[in-house]
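The points are grouped by topic.

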Amino acid sequence: MDCNPAYGGQGMPKALAFPIMEMQSSANVAWSMYPGLSHGAYSAIHAHGSDEQKATYLPKLVSGEWTGTMCLTEPHCGTDLGLLKTRAEPNDDGSYRITGTKIFISAGEHDLSDNIIHLVLARLPDAPKDVKGISLFIVPKFHADGRRNGVYCGSPGTQNGHQGQRHGGA
């Protein structure tokens with residue numbers, strides 16, 4: 001309801017959208033995480049994504065054709081993001097190869113939508129070691145052209161190698 005009409009939303013105030021989100025949570029808190037996490041991905045991309053990223057991801061997130069996640073932490077660091085080890089290596093085409101392991105990825109794998117958009121925290125090779133060196137990357141399960149990305153959800157300790165687009169600052 002409160003998403004930008006340019007991307008298929010209604011542009012309503014958050015004060016009107018919040019009661020709907022509350023009703024969804026009251027009806028089924030587990031299911032309500034899917035639209036809630038998708039809205040979080042929408043909000044991050046809307047605030048910090050490039051125009052191309054917004055055009056690619058926001059209409060599908062708003063319509064519910066695609067859903068979003070937030071990869072919360074890594075097995076070794078918990079809430080101390082300064083210990084983050086996930087790496088982002090630039091590719092010649094402007095994308096990034098992301099390598100690392102994340103845990104607690106709510107809505108990370110399902111068949112409720114055509115695509116799953118992961119927001120992944122990672123460091124560039126020249127980034128500072130503290131939290132100021134962390135960047136946020138959009139890592140879709142499927143690229144916009146339909147090709148399967150290398151990201152996958154597995155058991156703890158598995159290594160992921162996937163391609164993403166940087167959004168936001170370092």
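**Aromatic pairs and a charge over a ring**

Tyrosine 96 and phenylalanine 137 are both buried, a term that denotes under 20% relative accessible area, with exposed meaning over 50% and partly exposed in between (1.4 Å probe, protein chains only). The model is predicted, and local features need pLDDT of at least 70, side-chain atom pairs count only at pLDDT 80 or more, and totals for chains, interfaces and linings use all residues. Residues are numbered from 1 along each chain as its sequence is written, and side-chain values use heavy atoms, with hydrogens and water left out.

- The structure contains two aromatic pairs; rings of Phe, Tyr and Trp (its six-membered ring) pair if their centres lie within 6.5 Å, and planes under 30 degrees apart count as stacked, over 60 as edge-to-face and the rest as tilted.
- The ring centres of tyrosine 57 and tryptophan 66 are 6.0 Å apart and the planes stand at 55 degrees, so this pair is tilted.
- Tyrosine 57 and tryptophan 66 are both buried.
- For tyrosine 96 and phenylalanine 137, the ring centres are 5.1 Å apart and the planes are at 65 degrees, so the pair is edge-to-face.
- Because tyrosine 96 belongs to strand β3 (residues 96-100) and phenylalanine 137 to strand β5, this pair ties together parts that are 41 residues apart in sequence.
- Helices (H or I, at least four residues) and strands (E, at least two) are DSSP runs, numbered from the N terminus.
- Arginine 148 places its charged end over the ring of phenylalanine 142, 5.5 Å from the ring centre; the criterion is NZ of Lys or CZ of Arg within 6 Å of the ring centre and within 35 degrees of the ring normal.

- Strand β5 (residues 134-140) is largely enclosed by the rest of the structure, because seven of its seven residues are buried.
- From β5, Ile134, Leu136, Ile138 and Pro140 point one way, while Ser135, Phe137 and Val139 point the other way, and all are buried.
- Nine of the nine residues of β4 are buried, so β4 is likewise largely enclosed by the rest of the structure.
- One side of β4 carries Asn115, Ile117, Leu119, Leu121 and Arg123 and the other Ile116, His118, Val120 and Ala122, all of them buried.
- Strand β4 (residues 115-123) pairs with β5 in the antiparallel sense over seven bridges; two strands pair if DSSP finds at least two bridges between them.
- Leucine 121 is opposite leucine 136 in β5, and isoleucine 117 is opposite proline 140 in β5.
- Strand β1 (residues 66-68) pairs with β4 in the parallel sense over three bridges, and threonine 67 has isoleucine 116 in β4 as its bridge partner.

**Helix α2**

- Tryptophan 31 lies in helix α2 (residues 29-48) and is partly exposed, with a relative accessible area of 45%.
- The C-alpha atoms of tryptophan 31 and alanine 107 are separated by 9.4 Å, although these residues are 76 residues apart along the chain.
- Serine 32 is also placed in helix α2 and is buried, with a relative accessible area of 10%.
- Beyond its neighbours within four places in sequence, serine 32 is in contact (heavy atoms within 4.5 Å) with Gln24 and Ser25.

**Confidence of the model**

- The mean pLDDT of the protein chain is 88, and 91% of the residues score at least 70; pLDDT is the predictor's confidence in each residue, from 0 to 100.
- Among the elements of the protein chain, helix α3 (residues 51-63) has the highest mean pLDDT (98) and strand β6 (residues 160-167) the lowest (52).
- Over residues 156-161 pLDDT stays under 50, and the model has 15 contacts beyond four places in sequence for them.
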